[in-house]
Amino acid sequence: MTQSAPAGSEEIAGYQMSIGGESVDALSGNTFESNNPYTGQAWARVPDGDEADVDVAVRAAKAALDGPWGQLSGAERGKILRRLGDIIARDADELARIETQDNGKLLREMSGQLHYLPEWFYYYAGLADKIEGEVIPSGRSNFLVYTRHEPVGVVAAIVPWNSPLLLMFWKLAPALAAGCTFVVKPSDYTPVSTIEVAARVQEAGVPPGVFNVVTGFGPAVGKALTAHPDVDRVAFTGSTQTGIQVAAAAAQNLARVSLELGGKSAQVVFDDADLDAAANGVIAGVFAATGQTCMAGSRLLVHEDVHDALVQRLVDRVKTVRLGDPLEPETEMGPVANQAQFDKVMSYLDSAVEDGGTVAYGGAADEMGGLFVRPTVITGAKPGLRAFDEEIFGPVVCVMPFTDEDEAVAAANATSYGLAGGVWTKDIHRAHRVAHQIKAGSVWINAYRVVAPGVPFGGFKMSGLGRENGIAAIHEYTETKAIWVELTGATRDPFVLG
Ligand code: NDP
C-alpha cells in the first residue's frame, strides 16, 4: 500500500479521485494499493495524488463558491443535505462493507455507524436556513448595525483510517449547510469509501467542484492541502503529532483550524457502581473497534474495594470475545488496521511489563495469524507506566486502583490529553461533582462512547482545538461580518472641525 505502482497491472478494483465533478487519475499517473487488513491482500488501487492535484482541486473548490452553489439559499442547501442523508441511508450497507475491507473493523459495527450517519445530514439540513445574523445596538443612534454569517470559503478536510466516513461527515454536513466548498484527503489506508461518496454527493444535487476528493499520502497531499493559500479552513482529525504540524502549516496563511486529536481517556469506577453495567461499559469503551477510537476509555481507575471484582468480570468476558473475519456477523473483534499499528500495540505491551504492570489477559493472538491482538487487560498500572500514560490506539486497557475521590480525579487528569472520560457510581452528587472536575470535552455518567449530531464533541488540552457537532459547529464554517448602515445621509467632511 505504501508503494506507487503503474495503473492496471493487477486484477484489483481501480478507483479514480473526484475533482470538479469529474473522476480523474492523479496528474502523475501514479497509483497505490489499499490492503484488506484481514486478508492482508491488496483489493483496490487508487490515484497517488500530490501537490499538483491538490492545486487543481482547491481551484475547483474556490471557483465553485462563485458558481450556482453560492447562489443557493440556506433552505435549498438544506434540501440537498436531506437528499444526501437519504442516499447515504440507502447505500449504508454497501459503504460499510467498503470501510470494513479497508480498515478491518467489524461489518456490523460499520453498518450500525453508516445507518446512523444520515442523521448528521438531517441535523445540519435543519440548521442551513437558520444561520441568522443579529441587529446590534451600537450605541450610535445614526447607525443600524447588523451581522451576517457568510461561508468561510474552501474547507480542507483531512481524516484518519479508523472511521473515515463518520469523521468526514462530521465536517462535511456543517460545511455544506454553511455554504462552503470542500476538498477531502482520506487516509491512504482507507481511501475507497470517500471516493465512493463523491458520486452520491453529486446525485444529491451538489454542483461540480463543491465536493472534491484527492487521494494520496499525508506528507504529499495532506501537507499541500494545509499549506495551500486558497484554503480558508482546515478541519483535521488524526494524531496530536500530525495535528501540530497541520496547525503550523495552516498558520502560514492564517487559515482557520479545528483539530480533533488523540486521547487517553479515564473511566472512573466507584465502589457503589453497578459492576455488571460498568464492566459492559468499560468493554464497549475500549474494545469496540479493536480499541482504535480516539475516545477509547483506556485508563481504568477502580476503587480498591471493587478492583478485583471488576477485573475478574472484565477478564471473564474478554476471554470469550470471538476474534475473526470482520465481515462475519458472529465476530466480536477484528484485526488491528495495519502492521504499523500492530507493532505499536505490541511494543506498548512489552513496555507495560517492563514498567511493572501485569498482563491479566491478552497479547498477540498468534494462532489467528496476521494482525490480531486479544482484548488485553493490564493491572498494576500507575502514572509513569507508558502504556497507562500514552495513547496506544489498540485493544488494551490499563487498570489502576484508587482509594478516594480526590486521588481518582487527580489520576484521571494526569495526562496531557483531554478528550473524554466516564464516571460509574450510583451517587448522583458524586457523579456530577467528578464529571465537572474531569478535564475533557465529553464525560459520560454510567455510560461511555455515545455521540449524537446535536452534542458538541472535541478535546481539552492536547486532544484538540474547536468542537464538531451541535449548533455552534456551524459557525466553525462561517465568518461573521458586521454591516454598518448610516441612517441620516449626512456624513460630514472629516477635516471640518466642530
Ligand atoms: P495521523 O495523524 O497519522 O493521520 C491522520 C491524517 O493526516 C491521515 O489522512 C494522514 O495521511 C494525514 N497526514 C499525515 N501527515 C500529514 C501532514 N504532514 N500534513 C497533513 N496531513 C497529514 O493519524 P492516524 O491516521 O494514525 O489516526 C489515528 C489518530 O487519530 C489517533 O491518534 C487518534 O486518536 C486520532 N483520532 C482522533 C479522533 C477525534 O475525533 N479526536 C477520532 C479518530 C482518530 P496518510 O495517513 O494518508 O499519510
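How far from an oxygen atom of the ligand does a polar side-chain atom of Thr 242 lie? The distance is 2.8 Å, a polar contact (a pair of N or O atoms within 3.5 Å). The model is predicted; local features need pLDDT of at least 70, side-chain atom pairs count only at pLDDT 80 or more, and totals for chains, interfaces and linings use all residues. Residues are numbered from 1 along each chain as its sequence is written, and side-chain values use heavy atoms, leaving out hydrogens and water.

Polar side-chain atoms of two further residues also face oxygen atoms of the ligand: that of Ser 239 at 2.7 Å and that of Glu 391 at 2.5 Å. On its own the ligand has 910 Å² of accessible area (Shrake-Rupley method, 1.4 Å probe), and the protein covers 89% of this area.

An open sheet is formed by three strands in the order β7-β8-β24, with antiparallel pairing. Strands are DSSP runs of E with at least two residues, numbered from the N terminus, and two strands pair if DSSP finds at least two bridges between them. Because β7 (135–136) and β24 each have a single partner strand, they stand at the edges, and one side of each lacks a neighbour in the sheet. Nine bridges join β8 (residues 143–151) to β24; in β24, Val 485 is the bridge partner of Leu 144.

Leu 487 lies in the segment after β24 (478–486). Leu 487 is exposed, at 51% relative accessible area, where exposed means over 50% (1.4 Å probe, protein chains only).

Note on methods
Helix = DSSP H or I, 4+ residues; strand = E, 2+ residues; numbered from the N terminus. Buried < 20%, exposed > 50% of the residue type's maximum accessible area, 1.4 Å probe, protein only. Polar contact = N/O pair within 3.5 Å; in protein donor to acceptor, adjacent residues only side chain to side chain.
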